[in-house]
Amino acid sequence: MKFTLNWLREYIDTDLEPARIADHLTMLGLEVDACVPCYPDLTGVVVARIEAVSPHPNADKLVLCDVNVGQERTRVVCGAPNARAGLVTALALPGAVLPGGFTIKPAKIRGEESCGMLCSAKELGITEDQTGIMELAADLQPGQPISQALGLVDTMIEVDLTPNRPDCASVLGIAREVGGVIGKRIKPPVAAPPTLAGENLPFSVEVESGADCPRYAARLIKNVKIGPSPWWLQQRLLAVGMRPISNIVDITNFVMLEYGQPLHAFDFNKLAGGRIVVRRARSGESLVTLDGTAHQLDSEMLMICDAEKPVAVAGIMGGANSEVDAATTDILLESACFAAIGIRRTGGRLNMSTEASYRFERGVDPQGAPKAMERAVQLTVALGGGEIVAGGVDYCEGVVAPAPITLRGSRTRALLGMDLTLEQIGAALTSIEIDAARIDDDTLRVNPPSFRVDLEREIDLIEEVARIVGYNLLPTTLPMVPMSFSEQDPLRELRKKVAQTLTALGFYEAINYSFVTPQHCDLLGLAAEDLRRQSVHLLNPLAEDQSVLRTTLLPGLLENLRRNVNHQNHDVRLFEIGKVFHPVESSQPHEPFRLAAIISGRRNPGAPVLYTGESPADIFDVKGVVAQIVESLRLSGAITCETCVVGQELPFAEPGSVLAVRGGTQILGWCGAFNQKTLKGFGVKQQAFFLDLDLAALGGVAPQAKNFASLPKFPFAKWDMALIVPVGVAAGEMLSAIHGCGEKCIEKAEIFDVFQGKNIEGGKKSVAISITYRALDRTLDDETVGKIHQKIIEMMIFRFNGQLREA
């Protein structure tokens, strides 16, 4: 919505600067997009009267104009076709800078001096007219600055309206908002329109549906003279970006911007039968609108018709067959209210959007139609010299009065956090013409005005109070947030922890479709009675190979493995955490979470071959993954990996290469190696190992309690030993022996080297162990550590049939 400051001041008495008005409107919830001068700086351009015109001696199309600029006369060379003696026009004096940056300088044109330039309206940036120099009113004083003479000193303000505020799509609506802030009432041009009634009118109006058209007012004005609008009216329209057309059309546009009520003027003599019928379009009807576009109509579109045909698209645009033109003498003015949803639907289907439809789509004031009509009639008589036909039509059977709303003072104070009295609340509403009457000490009865279609509930009124009182005055308080941590889903936390552990071990997470092929059960070799064969079938599958819900995650990972190997990625570590689905009779499927992982390729794919070699992964790698998961969940004492007994081995696993993961007597899952038949069925050409765990069951195992110890106060001592022992001695047994020897000062023991080869007897190996010693109550000296260390060496030599390796 665009308006100018001078236009606004016609309805509200205010001397606020444009910037202050823009700030107030923004704080009222009406965002200001622009606040700029209407016209460029025209310093140096003055009113001038041409006193005499003579031919240019050296040019046929130029003339010499003697121009009166007030205190002096000057000569200007001009080529405009309308330059004539007595014409009052605009003169740019030497030194003036015109829009576009062009500076006027004294010059010789074909040998004749020219001190300035007589300007057209386009050259001054006022209008697009460039047919000749400007023709101003004869009573203007020569020498007066053009900006003052034409009233060009003004500011244009553009407001971005939200869809719920159609009342502000008018200058009067904006003035009402400003008046609410400064405490003044607006002065509307029409206070109370006359009642429209009459018999034996030369025209008739028929509205087929009050739901489509709640109100329709019409009046006839005869003997109108069509011509250009006066400058003040053109200026108002130009300032907000509208093009002046003729006095009648400009009046309808002006009143629309003033009242927010779209109007339309029909050439009465072009209306068949002198009738107006507001109805839906009929099959096969079409209409050429004022923009020259032909539209095919349908039965959902509301039309304005005469006795024979459509003459306008209701609420959007008039038709070319009833257009007001230079030959028009009698006009029928329309001021109506149409249903917003119908206008929006019709505009979308016809791909049309106009200033009128913008307002109707958001909702116009049905009580504003007769006021806008009266304003347009007054201007038409004043500017077009017409004769008003007594009476008129005002159909209003579809108008529904807004329901009253009860507003509680206590509720208002509670929501706004402000100590407002009931009188202050009522005064805030009354300042923007919302009537409020007191019922009791805490209640107001509010009658929403018809122009506020957005006021429906008590909370809407509380928002209005907040706007008028000022959002900036609302108290600022910190929210009351309880200092507590919301309870987390244990299974979700378990999934996150397991995923973090596997990612740290070099695995990548896979996410596969839950919809799979029934052939997966055959490829895994599952027995007919296996519960994993009992799957949930989809009623409307996307494809045949996605017709059932999965009962295990391993087939999806095997297909991922095949795809990686086919793309020359042979070192694969993948895991997936997801739901599997088991049917339940007369109920939704059971959907437990499971963890599945696959290892294939080298044991250390990311490490340099020089140091780690290319040894392939084996079952101990996947067992180690289980151990890491168990340790990260603090379940080391509760979960074990045991060899499967006869009858528990998996049909898709290599016999003797399957371990059962147990939590007490319960089997939580399995890990092991796939057999070659299964790998071949899935198209995998290299060995692969798997892990398959029930996450819900894993989460049901109680973890070990966390133990905390204080940081040591005394330093440690680290001593090493290298023992030559038989090859069959396990490194873990050697570390267990050290920790179990009963020495309290041993903090940690770790193997840092195992060597076989030169200088080592065949069948034996060298194992280097680092032992960390620390006492909790004192600093250990070398003598004490030496005695303990020697005792451990002797114990290890005796127990493992070893000997101390010489340096």
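How many residues apart in helix H8 are Arg359 and Glu355? Select both. They are four residues apart in helix H8 (residues 355–362), so about one helical turn separates them. Helices here are DSSP runs of H or I with at least four residues, strands are E runs of at least two, and both are numbered from the N terminus.

**Before you go on**

This is a predicted model: local features need pLDDT of at least 70, side-chain atom pairs count only at pLDDT 80 or more, and totals for chains, interfaces and linings use all residues. Residues are numbered from 1 along each chain as its sequence is written, and side-chain values use heavy atoms, with hydrogens and water left out.

**Stop 1: the pair in H8**

Stay on Arg359 and Glu355. They form a salt bridge, with the closest N and O atoms 2.7 Å apart. A salt bridge is a side-chain nitrogen of Lys or Arg within 4 Å of a carboxyl oxygen of Asp or Glu. Side chains of opposite charge can pair when their charged atoms come close. Arg359 is buried, because its relative accessible area is 3%. Glu355 is partly exposed at 39%. The cut-offs are under 20% for buried and over 50% for exposed, with partly exposed in between (1.4 Å probe, protein chains only).

**Stop 2: more salt bridges**

The whole structure holds 45 salt bridges. Select Glu285 and Arg279. Their closest N and O atoms are 2.9 Å apart. Glu285 counts as buried at 14% relative accessibility, and Arg279 counts as buried at 4%.

Now select Glu642 and Arg662. Their side chains meet in a salt bridge (3.2 Å, N to O). This pair links distant parts of the chain: Glu642 is in strand E33 (residues 639–643) and Arg662 in strand E34 (residues 653–663), 20 residues apart. Glu642 is partly exposed at 36%. Arg662 is buried at 14%.

Next, select Arg165, Asp167, Glu177, Arg452, Asp454, Glu464 and Arg467. A network of salt bridges links them.

**Stop 3**

Colour domain 1 (2–38 + 155–182) and domain 3 (204–395). These bounds come from an automatic or database domain assignment. The domain centres, taken over C-alpha atoms, are 27 Å apart. The contact takes 16 residues from domain 1 and 13 residues from domain 3. Contact means heavy atoms within 4.5 Å.

How much area do the two domains bury between them? About 1300 Å², 60% of it on carbon and sulfur atoms. Buried area is the accessible area (1.4 Å probe) that two parts lose on being put together, summed over both. Select Trp7, Pro166 and Ala169. They supply 39% of the area that domain 1 buries against domain 3, more than any other three residues.

One salt bridge is counted between these domains. Select Arg236 and Glu10, a salt bridge whose closest N and O atoms are 2.4 Å apart. Then look at the side of domain 1 that touches domain 3. Strand E1 (2–4), helix H1 (5–9) and helix H4 (171–182) each supply at least two of its residues. E1 gives the largest share, three residues.

**Stop 4: Arg110**

Finish at Arg110, in the loop between strand E9 (107–109) and strand E10 (112–114). Is Arg110 buried or exposed? At 54% relative accessibility, Arg110 counts as exposed. Then show His56, Asn58, Ala59 and Leu62. Arg110 touches these four, not counting residues up to four places away in sequence.
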